[in-house]
Amino acid sequence: MRAKFIIFILSLLIGYAIVRLSFINNKTIYSSFHEISNSNWSVSDTIVFDLSNTILINPHHINLFGKISYDFSYSNLFVFINHFFENEIIKKDTVLVPLFDSFGKPIQNNIGNTQFFNVDYLNNINFTKEGIYKIQVIHGMRENNLDGVEKIGIKIKKK
């Protein structure tokens with residue numbers, strides 16, 4: 001009976017240690033996504049990520065991630081990304097997100113009819129001033145409405 005109790009306590013301690021150690025290497029300081037209603041992303045649907053409560057003084061990496069279904073009829077996704085500081089644009093980018101190769105095979109992970117993507121957008125970006133930062137994402141495709149886009153998000157990690 002006593003041996004079972006000791007084994008139980010040891011397994012709890014080992015489990016706790018594993019969980020704690022998994023969070024040590026997690027460098028993510030911000031992660032958020034927006035669900036696209038009805039999987040139909042209109043060119044007028046601007047996605048805004050508010051970074052006002054995030055500490056961004058040191059260099060960081062920004063990833064763009066998302067989820068699309070097979071209703072999406074293109075092999076790539078173009079997005080326009082605008083960075084704001086105190087409601088003033090400080091950076092504009094156009095990002096190409098490759099989704100499928102020339103044979104129609106998904107480039108990144110897919111599960112069933114769902115395609116996931118994760119793209120390194122900016123590496124070693126410095127937010128030099130404290131204040132209110134926002135990141136705005138707009139699709140840059142020729143169609144006004146994109147069917148099949150389900151989620152768009154950003155993740156900011158410490159360098």
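Select Glu150 and show everything within 4.5 Å, the heavy-atom cut-off for a contact. Leaving out residues up to four places away in sequence, Glu150 touches His34, Glu35, Ile36, Ser39, Lys67, Ile68 and Ser69. Glu150 lies in strand β11; strands (E, at least two residues) are DSSP runs numbered from the N terminus. Is Glu150 buried or exposed? Glu150 is buried, with a relative accessible area of 18%. Buried means under 20% relative accessible area, exposed over 50%, and partly exposed in between, with a 1.4 Å probe and protein chains only.

A note on the model before moving on. This is a predicted model, in which local features need pLDDT of at least 70 and side-chain atom pairs count only at pLDDT 80 or more, while totals for chains, interfaces and linings use all residues. Residues are numbered from 1 along each chain as its sequence is written, and side-chain values use heavy atoms, with hydrogens and water left out.

Next, select Asn82 in strand β5. Asn82 counts as buried at 11% relative accessibility. Its side chain makes a polar contact with the side chain of Gln136, at 2.8 Å. (A polar contact is a pair of N or O atoms within 3.5 Å; within protein, one must be able to donate a hydrogen and the other to accept it, and residues adjacent in sequence count only if both atoms are side-chain atoms.) Beyond four places in sequence, the contacts of Asn82 include Lys91, Lys92 and Lys134.

Now the largest nonpolar core, with 33 residues. Such a core is a set of buried Ala, Val, Leu, Ile, Met, Phe, Trp, Tyr and Cys residues joined through side-chain atoms within 4.5 Å. Select Trp41, Leu64, Leu77, Phe117, Val137 and Ile152: these touch the most other members. Strand β8 (114-125) is among those supplying at least two core residues. β8 gives the most, with five. Centre on Leu64.

Turn to the aromatic rings. The whole structure holds three aromatic pairs. Ring centres of Phe, Tyr and Trp (its six-membered ring) must lie within 6.5 Å; planes under 30 degrees apart count as stacked, over 60 as edge-to-face, the rest as tilted. Tyr70 and Phe100 are tilted, 6.0 Å centre to centre with 35 degrees between the planes. Tyr70 is partly exposed at 37%; Phe100 is buried at 11%. Then select Phe72 and Tyr74, an edge-to-face pair at 5.6 Å and 70 degrees.

Notes
Helix = DSSP H or I, 4+ residues; strand = E, 2+ residues; numbered from the N terminus.
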